[in-house]
Amino acid sequence: MIGVEPVAAPGAPLARRNPVAKLAAALVFSFILIATLDPVAPAIAIAIELAVLPLFGIRYRVLARRAWPLLASAGGILVTLVLFAADRSGRVLVEAGPVLVTEGVLVTALGLVLRMLAVALPGIVVFATTDATDLADALIQNAKAPARFAIGALAAFRLVPLLEQEWRMISMARRARGVDAGRNPVAKLRLFVSTAFALLVGAIRRGTRLAVAMDARGFDAGVPRTVARRQHFTRADALLVAVAAVLAGAALAVSVAVGTFRPLIG
Amino acid sequence: MSAVELRGFGWRHAGRKGWAVRGVDLRIEAGERVLLLGPSGAGKSTLLAALAGLLPEDSGTQEGTIEIDGLDPRKARERVGVVFQDPETQLVMARCGDDVAFGLENRGVPGAEIWPRVDEALRRVGFPYHRGRPTAALSGGEQQRLALAGALALRPGLLLLDEPTANLDPAGATLIRQAVRDALDADTTLILVEHRVAEALPLVDRVVVLEAGGGVRADGPPDAVFAAHGDALADAGVWVPGRAVPPRRAAAPAGEPLITAGRLGLPPRLAPTDLRVRAGEALAVLGPNGAGKSTLALLLGGLLRPGTGTVTAGADLAGPDAGTPPHRWRAPALARRIGSVFQDPEHQFVTNTVFDELALGPRRTGQPEAAVRSTVDGLLERLRLARLAGANPYTLSGGEARRLSVATALATAPRLLICDEPTFGQDRRTWLELVDLLAELRDAGHGVVAVTHDPDFVAALADRTVTLTRPGTGDRP
Amino acid sequence: MENSNRWRTIDIVVASVIAVAFGVIFWAWNLVWSATDAAFAFFPPAQTLIYGVWLVPAVLGGLVIRKPGASLFCELVASIVSALLGSQWGGIAIVQGLTQGIGAELAFAAFRYRSYRLPSALLAGALTGLTAAVFDFVYWNKATDLVSYRIPYALLTIVSATVIAGAGAFYLTRALADTGVLDRFPAGRERAAV
Ligand SMILES: Nc1ncnc2c1ncn2[C@@H]1O[C@H](COP(=O)(O)OP(=O)(O)OP(=O)(O)O)[C@@H](O)[C@H]1O
Ligand SMILES: Nc1ncnc2c1ncn2[C@@H]1O[C@H](COP(=O)(O)OP(=O)(O)OP(=O)(O)O)[C@@H](O)[C@H]1O
Ligand SMILES: [Mg+2]
Ligand SMILES: [Mg+2]
């Protein structure tokens with residue numbers, strides 16, 4: 001089952017913040033970190049992220065479950081760099097054919113892996129604590145996103161669990177009509193592709209009907225929309241964004257101070 | 001409080017040669033309550049869509065005029081509320097309250113007034129939950145009520161309801177009808193489409209019958225219409241109240257068991273159930289919404305793996321696969337032996353034309369092309385789908401789609417046929433034809449299992465019934 | 001011919017639905033991507049050969065909706081949806097979605113939103129591959145060797161995008177039109193005329 005509900009405890013102090021503020025804070029934090037390739041700044045950032053996690057009401061186990069695929073990618077980065085690193089300075093640790101592992105390579109790999117984690121975590125935390133309806137409301141009211149587009153996307157998002165059910169129904173319908181793949185892997189792949197295609201067709205058909213239902217209730221009637229639920233962007237929200245910027249800046253400053261800073265560009 | 005006026009109105013959907021509805025002259029005064037009748041495919045749903053302003057100019061050709069209070073319906077949408085047959089496609093938001101509020105926001109109702117109006121609409125339809133409940137957690141009947149609340153919150157002058165009780169159990173259908181009656185303001189105009197006339201009559205004071213080829217066949221107060229045209233209307237397919245349908249009992253006693261379920265269940269959808277179907281027997285499965293009837297049908301059909309208990313196919317049905325449960329059979333063998341008709345016809349379609357849809361099963365099970373043709377043509381003719389052979393299954397009317405899905409399962413003449421709500425949305429004529437087809441199959445020694453909410457169908461065809469209760473509660477909330 | 005550039009409700013919702021369907025596919029695809037890391041270890045740039053799948057909604061959205069902004073909107077929403085469903089990449093996926101959408105958008109804009117034939121689709125695929133490659137060039141691959149890794153990686157991304165996203169989305173649009181679901185879009189009406 002694909003989860004579409006937020007996983008955090010809703011009462012947590014930071015989880016309750018305005019979704020736009022949370023998103024902005026995550027993006028600001030990530031963007032500042034992108035500026036460097038060294039391991040120190042992201043390591044500090046990860047420490048900060050893990051420290052504030054309880055304020056978002058997320059348990060470490062839940063985060064680990066969402067983030068584990070990142071570890072596989074970390075392995076990928078390591079292999080890539082061992083084979084293709086540009087900078088092979090430093091003491092040679094291993095040398096075997098094309099594989100040349102130096103201290104410099106390892107430091108770079110460590111920096112990249114940490115940076116990947118440090119940049120990804122804020123987004124994971126924000127989306128794990130944000131309800132799609134609230135995000136759309138806040139995007140419209142606080143970020144001036146066009147209402148028709150945000151609501152259209154929100155209505156479509158509601159179809160996610162339905163699409164999953166639909167996948168099962170399509171598979172059953174085919175079986176009932178005598179269509180299956182047996183053990184043949186090629187036939188399996190073909191059946192998978194044709195099921196995915198049927199799903200897409202079904203999704204578009206649903207979308208067409210959903211649009212009709214929305215029009216039937218006056219969506220896009222040219223009348224200025226009102227909002228039933230106000231989303232407030234308060235001082236505390238602005239503060240959250242500012243603190244995120246300051247903390248990320250501080251991590252960079254430390255890395256400059258200890259002399260490990262390596263700018264991304266230049 | 002809106003009046004409707006049609007003059008020579010007609011609509012032809014893009015890609016179709018025939019008119020969906022044509023030559024309709026009709027005037028409905030403000031505050032009238034109208035039951036719109038007509039055979040399946042006569043264009044009732046199309047007419048409602050036109051009145052709701054939901055037929056875009058680029059999706060077909062119009063003839064004549066259609067007006068609401070003198071306006072083009074596309075420009076009078078704020079006067080009209082509509083509830084379609086399928087509630088799932090009408091809910092827009094993820095939370096119940098938001099969904100009702102959606103229409104109010106669109107109309108620019110001031111923020112402070114929205115929630116009181118939402119609460120009022122939910123109360124009027126007897127919605128049992130808090131407005132924060134996820135719409136995904138509602139049963140079909142509850143979704144239907146929520147959709148009705150969404151329409152009523154807008155205080156429409158004209159309310160359009162298209163078979164609002166299809167697929168509901170009798171208790172749920174009564175609740176919806178009560179909700180409509182209690183929730184309507186005295187001056188709201190109502191147009192209701194419903195095949196089962198007797199249940200709908202208390203809601204209306206006028207009946208309009210559409211003719212299949214075009215035009216209005218009868219119009220007036222219900223008593224007068226049925227007294228004057230009763231026989232002719234019944235022949236044309238209208239469910240004229242008080243006219244019984246002939247029973248089709250089994251001609252011979254039932255034979256070998258075809259399939260046996262022992263403590264069959266799938267928690268939490270279906271509680272353990274025992275049942276047996278024999279050759280030459282029709283078994284009806286009854287029970288309230290959410291009792292697990294559709295789940296049982298899928299389990300018996302070899303499409304779901306049982307959670308608990310067993311499904312055992314008799315030697316006659318299983319052939320070389322004796323000893324293996326149906327859900328492990330290869331698909332072509334399964335399709336030859338057990339036919340399944342899904343509750344939602346659209347879940348079942350896998351091709352792009354009505355003809356291919358019917359031909360798929362016979363072709364898959366290896367019949368020669370000539371035999372395929374004659375089977376398909378015969379079914380098309382009997383179920384009045386012949387003129388739609390080239391149409392896309394997804395563009396059919398509600399009743400046509402249902403008949404097609406039953407026909408696809410009949411096409412392979414399986415030893416055991418399992419159908420989920422085979423008769424919903426049918427006019428009297430197509431209903432009788434469906435019952436005849438199923439009765440013929442049974443009398444030829446096949447087994448028939450039908451999940452149904454339709455008491456007439458049970459009375460006419462079923463040799464035995466099984467009634468499921470909701471797992472856990474045993475009743476509705 | 002439709003010459004209004006205003007989006008109808010159906011345009012917005014269907015574009016979103018395409019994005020959502022692909023968001024679900026991405027969600028599954030992200031797992032595959034991480035799992036194939038090991039398989040492609042012998043030459044990691046080769047992994048980009050399946051990169052194109054990520055870029056399909058950008059081109060498909062443009063081909064189906066045929067309005068300015070369609071590519072950008074589809075790819076952006078798809079990335080937001082995959083983030084909401086719990087993609088491991090978090091917020092950065094949104095930035096990436098935005099950059100990728102811009103590529104396809106530029107291609108359709110270059111034809112002034114008039115041509116939706118195969119060449120436009122291929123160009124849209126190539127450009128979305130290009131913007132994707134530029135993003136990765138700067139963000140992900142900065143520390144790798146230019147000649148043996150970064151350039152082949154970028155070129156393979158563009159090839160993959162042109163074939164899978166460009167040609168793939170073009171034929172996918174045709175197949176969709178054949179089923180009749182696009183009847184209310186210009187892409188579907190071309191079929192009715194035949
Ligand atoms: N979107 C569509 N495209 C093409 N043809 C359509 C479409 N919708 C309906 N039709 C056709 O128009 C005719 C009238 O359909 P409509 O749904 O209005 O019938 P109906 O009276 O509501 O029937 P039922 O009682 O079976 O629901 C049918 O022949 C149907 O196949
Ligand atoms: N795919 C599914 N996953 C989880 N729960 C399901 C699924 N399908 C149905 N259910 C739940 O299982 C229960 C039984 O569903 P089922 O569709 O079998 O009932 P039913 O008796 O056919 O009802 P109805 O008369 O409304 O068709 C319901 O509570 C339903 O919400
Ligand atoms: Mg209808
Ligand atoms: Mg059911």
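Arg155(B) sits in the loop between α4 (140-152) and β6 (158-162) of chain B. Helices here are DSSP runs of H or I with at least four residues, strands are runs of E with at least two, and both are numbered from the N terminus. Before going on, the conventions: this is a predicted model, where local features need pLDDT of at least 70 and side-chain atom pairs count only at pLDDT 80 or more, while totals for chains, interfaces and linings use all residues. Residues are numbered from 1 along each chain as its sequence is written, chains are lettered from A and ligands numbered from 1 in the order in which they are written, and side-chain values use heavy atoms, with hydrogens and water left out.

Back to Arg155(B). Its phi is near 50°, a positive value in a residue other than glycine. Arg155(B) is partly exposed, with a relative accessible area of 42%. The cut-offs are under 20% for buried, over 50% for exposed, and partly exposed in between, using a 1.4 Å probe and protein chains only.

Glu163(B), in the loop between β6 and α5 (170-183) of chain B, also has a positive phi, of about 45°, and is not a glycine. Is Glu163(B) buried or exposed? At 7% relative accessibility, Glu163(B) is buried.

One more loop in chain B, between β10 (257-266) and β11 (270-278), holds Pro268(B). The peptide bond leading from Pro267(B) to Pro268(B) is cis, with omega near -5°.

Next, the metal. Which protein atoms are donors to the magnesium ion, ligand 4? They are OG of Ser294(B) and OE1 of Gln343(B), at 1.9 to 2.1 Å from the ion. Donors are N, O and S atoms within 2.8 Å of the metal (3.2 Å for Na, K and Ca), and water is not among the atoms, so sites may look incomplete. The two residues are 49 residues apart: Ser294(B) is in helix α8 (residues 293-300) of chain B, and Gln343(B) is in the loop between β14 (338-341) and α11 (354-364) of chain B. Ser294(B) is partly exposed at 23% relative accessibility, and Gln343(B) is partly exposed at 28%.

Ten of the eleven residues of α6 (residues 147-157) of chain A are buried, so the helix is largely enclosed by the rest of the structure. Among them are Arg148(A), Phe149(A) and Phe157(A).

That leaves chain C, which has seven helices and zero strands. Of its 194 residues, 65% are buried.

Axes are lines fitted to C-alpha atoms, for helices over the stretch in contact, and angles run from 0 to 180 degrees between N-to-C directions. Helix α2 (residues 56-65) and helix α3 (residues 70-84) of chain C cross at roughly 135°, their axes coming within 7 Å. The contact, meaning heavy atoms within 4.5 Å, includes Pro57(C) and Gly61(C) of α2(C) and Cys74(C) and Ala78(C) of α3(C).

Helix α4 (residues 92-110) and helix α5 (residues 118-139) of chain C pack at about 145°, with axes 7 Å apart. Among the residues in that contact are Val95(C) and Gly103(C) of α4(C), and Leu127(C) and Phe135(C) of α5(C).
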